[in-house]
Structure formats: C-alpha cells, structure tokens
Amino acid sequence: MKFGRVIGNVVSTIKNEKLYGIRLAVVEPIDPDGNAIGNSEIVGDYLGAAVGNLVIWIADGEAIGKVVGKQNVPLRGSIVGIIDKVDLKNQNRIIKG
Amino acid sequence: MKFGRVIGNVVSTIKNEKLYGIRLAVVEPIDPDGNAIGNSEIVGDYLGAAVGNLVIWIADGEAIGKVVGKQNVPLRGSIVGIIDKVDLKNQNRIIKG
Amino acid sequence: MKFGRVIGNVVSTIKNEKLYGIRLAVVEPIDPDGNAIGNSEIVGDYLGAAVGNLVIWIADGEAIGKVVGKQNVPLRGSIVGIIDKVDLKNQNRIIKG
Amino acid sequence: MKFGRVIGNVVSTIKNEKLYGIRLAVVEPIDPDGNAIGNSEIVGDYLGAAVGNLVIWIADGEAIGKVVGKQNVPLRGSIVGIIDKVDLKNQNRIIKG
Amino acid sequence: MKFGRVIGNVVSTIKNEKLYGIRLAVVEPIDPDGNAIGNSEIVGDYLGAAVGNLVIWIADGEAIGKVVGKQNVPLRGSIVGIIDKVDLKNQNRIIKG
C-alpha cells in the first residue's frame, strides 16, 4: 500500500452511476517523509480524510463498494487509513501524520 | 484512478468479438493541471467523452462489460467519469475540466 | 490497453501445458505514432497478427483461454485487436495501422 | 515477488475496520544485494519480521486475510517470507538475509 | 509476459506455509537480446529451469498453486516457459534461449 497526501477533490457530474455519492479525493503519492514522488491519482474516500492528511491508499475500490452497499463499483483507488505516525525504527525517526 | 485527456479514437476491424460495438478512445495521461505525463492508452468509452475532455479513467473494462451486457470482455481500460473541475484546496486552485 | 507492434515469435518446448497450442508473439510497446516506448513482452495471439502489424494488447490472457476452451490459463498478455488506423482528432492526424 | 527490507511501522487509528489488529510494516524495496531501489510501501505482516530483516513481499493482502479469518480485507501488500539467504549461482555469490 | 534469466535461488525458512515445497528462483528481467532491464524478482518454478536459462515469467503464482494442489497460494510470480529461441522476424534475427 502506498503513502499519500490528500491535496483536493474532483467534481464529476457525468460518470458511471455506481460512483454516485462517493467522494473523489486527489491523492499525491509521497515517501514516508512526506516528499512528493509521483503523479497524483483520484481515489474514493469514506474515512473523511481532510486536505493535508497523510493517508494509506490502495489502487482498488472494493472496500468502498462494500461500505456503500454496491457490488462491482468501477472505482480503482481508495483511502483505507489515516496515518497517525510513521516510526522508522532503523533510522530512529518518527514522522507525524 | 488516473487523470486523462481524450485525444482521439482507434479503428480496429479484426478484434475480439466481445469488443464489437464499444468505442475505443485514445487517452493521454495527464497531471491535475492538464500536462501530459506518460504514454497514451486505448480505453473503452460509453459516457460520450468528446475529444479534449478531461476524464477519470481506469485500467479495467468491467464497468463497460456490464453496460453492454457482456461478461468477461477483454477490455482493459475505460473512462468512468468526465471531470467538471479539480479543486486543489491545498494550493487554493481550481482547474476546470 | 496498450499500443504495440508485433516484432516476432517465441518458441518454447518446456512450458505450462495449458500454453500448448497458443502462438506466443513478441510485442514492442509503441506510442500512437509507432515509436518504441518500452521493453518488449510476450503475448498470446489468436487473431493472426502478422509481424509488423500495429495491435491493441493487454496484460491478460483470459480472452485466449476462452477461445481455446481452457480455464485458468497462465497466460498474461494477449493481442485483442489489429489496428486499422488511429485518428488523433485533437492534432488533425490519422495514423495507419 | 519483490525483495524488501523492513524499516519501520505505521500507526493508523482511523482506518478500514478490517485492518484492525494487523501490523502495518514499512518495507523498502531492495535488489538482491540489499541496495534500496524504490519507494517504500506499507504492507501487512503476520510473520513477525523484525526491523532490518530482508523479506519476500507481494502487493496483495489475501494471505493475511486468511490468517486473521477475514474475507475481502482491503490490504494490498504483505510479507510472505523472511529471507535466510540469496544464492546468486551465476555470480558465485551468497547474500545472507 | 516478460523475458527473464534465472540467476539464482532464495532460501526462506519462515514463510507462509502454502509456500512450503515451492522452489523460489531469482529472475532478472531482460530484453529479447538478453540484456538486463530491471530489478530481479522472486518467482516460483516447477519446470526445473536451470541457472542461466532464458524464461517466460509472469507476476502471478496461480499456475503453480494448481500444480502443487493448493488454492490461494500467496505466490506472485512464476516461470511458465523455458525459451528455446526468440525469432525477431522484423530484424531477421534469431536469439537462442
């Protein structure tokens, strides 16, 4: 699973109807220190992650399909956790989420 | 899910028969600001995305299989939403689709 | 789905038995203009794509498993269409397959 | 499957409830010689890999779902083996885990 | 599917029990000419590929699960063919495996 930072939202009116009602967040991939490392992607969010939060995200939307009670939702990306801290023990460093 | 811009279409006569009747669009991957960031791919489209539209796309064709009433369609890429706007709150910027 | 050009074939005697009888083609990934953009891969072909043809290919072999009447074929790559032309409307260009 | 080194842990309070009780480790992708080769990812661990261990990891969490007795866990990454040694026979080298 | 060269083996004592008894080979990704093109991965092998062999490999272990009679094996990588030769017809070249 990847480290990411929530940087915004996407508004889409014309979309697959199974995506109705799902918040579409923009996530910037980061390294554990918070540096951007790649191109932003669009993911579903049902945890209420705020803009600026560090999150755990995956390229799969199955979890959100279950939460909203739909099957086969064509969502490929979701936030599955909000990070409190990253403890890099081998470097004796702790990074706050 | 990825940001993309529709830049054209592909015409293919000899193809897997489950692909018959599905519009094959060419999508250029972009960042949230609309800059091209990678190699174009071929995706199915059933939302009627016009050339130039910013879209949300995935590397999966399952959603289109359902729409056209076929199972196990060997389509790996589809447009699932047309973007109205991207709201990059952490930068106080809004990008129109 | 990706743009590719067929550049040859692979011969393998010792292989998973479910791969018996499937033509294994070498496909070079290309951009819509036909320029090589990455490392060649090995894919199954049942459409009879000739060396030099531009094709649509996917990293999945499910479609070929159905055609040859086998389940769970460990094939991860197949040609699903032969390209007649790519119409890049936003650039007023047409590329012949 | 990929070579990796465990470099720390992630603490997340607000997360998908199916992730409760699963240790989330930070794994740094490495080459067989132990050199870092890419961005760290977050994976589940149920083998008790210590910080500093070389491990075999995959971008899938299915195995952990079975171990903890849950289905459809939205975990995409897990440690499936701790490496004792890598025997690079073609170079007459053995690397200890 | 990818071109690869077998360069060694991995020994792991503590691992998911479904991996017991499966040979774990180290495969170096190559281009059709045998040049290394990326980072080595760990794959299962049941075809008896020798160190130095050119092989066809996939990022999936399903085929090996069937061979060893287990379901849901958390193996993500396997050798599915040993290459005899690659016939690059468009360049009038044949590369021996």
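Mentor: Start with A:Asn92, found in the loop between β6 (85-88) and β7 (93-96) of chain A. Keep in mind that this is a predicted model.

Trainee: What is the phi of A:Asn92?

Mentor: The phi of A:Asn92 is positive, about 50°, although the residue is not a glycine. Most residues other than glycine have a negative phi.

Trainee: Is A:Asn92 buried or exposed?

Mentor: A:Asn92 is exposed, because its relative accessible area is 74% and the cut-off for exposed is over 50%.

Trainee: Which residue of chain C has a positive phi without being a glycine?

Mentor: C:Asn72, with a phi of about 55°. C:Asn72 belongs to the loop between α1 (62-67) and β5 (78-82) of chain C. Its relative accessible area is 39%, so C:Asn72 counts as partly exposed.

Trainee: What confidence does the predictor give chain A?

Mentor: The mean pLDDT of chain A is 94, and 100% of its residues reach 70 or more. For the model, ipTM is 0.94 and pTM is 0.95.

Trainee: New topic: B:Ser12. Where is it found?

Mentor: In chain B, B:Ser12 is part of the loop between β1 (2-11) and β2 (23-29).

Trainee: And why is B:Ser12 called buried?

Mentor: Because its relative accessible area is 7%, and buried means under 20%.

Trainee: What does the side chain of B:Ser12 reach in chain C?

Mentor: The backbone oxygen of C:Ile82, at 2.8 Å. Within chain B, a polar atom of the B:Ser12 side chain lies 3.3 Å from the backbone oxygen of B:Ile14. Leaving aside neighbours within four places in sequence, B:Ser12 is in contact with C:Ile56, C:Gly81, C:Ile82 and C:Asp84.

Trainee: How many residues do chain B and chain C put into their contact?

Mentor: Chain B gives 23 residues and chain C gives 25. The size of an interface is often given as the accessible area lost when the parts come together. Between chain B and chain C, about 2200 Å² is buried, and carbon and sulfur atoms give 58% of that.

Trainee: How many salt bridges are there across the interface of chain B and chain C?

Mentor: The rule finds 3. One of them joins the side chains of B:Glu41 and C:Lys2, at 3.3 Å from N to O. There are also 16 residue pairs in polar contact between chain B and chain C.

Trainee: Which strand gives the most to the side of chain B that touches chain C?

Mentor: β1(B), with 5 residues. That side of chain B divides into 11 nonpolar, 9 polar and 3 charged residues.

Trainee: What about chain E and chain D: how many residues are in contact there?

Mentor: In that pair, 23 residues of chain E are in contact with 25 of chain D. Chain E and chain D bury about 2200 Å² between them, with 58% on carbon and sulfur atoms. The count of salt bridges is 3, and E:Glu41 and D:Lys2 meet in a salt bridge at 3.3 Å, N to O. Residue pairs in polar contact number 14 between chain E and chain D. On the side of chain E that touches chain D, β1(E) has the largest share, 5 residues.

Trainee: How far apart are the nearest C-alpha atoms of chain A and chain C?

Mentor: They are 16 Å apart, and chain A and chain C do not touch. Chain B and chain E have no contact either, with their closest C-alpha atoms 16 Å apart.

Technical notes
Residues are numbered from 1 along each chain as its sequence is written. Chains are lettered from A and ligands numbered from 1 in the order in which they are written. This is a predicted model: local features need pLDDT of at least 70, side-chain atom pairs count only at pLDDT 80 or more; totals for chains, interfaces and linings use all residues. Side-chain values use heavy atoms; hydrogens and water are left out. pLDDT is the predictor's confidence in each residue, from 0 to 100. Helices (H or I, at least four residues) and strands (E, at least two) are DSSP runs, numbered from the N terminus. Buried means under 20% relative accessible area, exposed over 50%, partly exposed in between (1.4 Å probe, protein chains only). Contact means heavy atoms within 4.5 Å. Buried area is the accessible area (1.4 Å probe) that two parts lose on being put together, summed over both. A salt bridge is a side-chain nitrogen of Lys or Arg within 4 Å of a carboxyl oxygen of Asp or Glu. A polar contact is a pair of N or O atoms within 3.5 Å; within protein, one must be able to donate a hydrogen and the other to accept it, and residues adjacent in sequence count only if both atoms are side-chain atoms. Ala, Val, Leu, Ile, Met, Phe, Trp, Tyr, Cys and Pro count as nonpolar, Asp, Glu, Lys and Arg as charged, and the others, Gly among them, as polar.
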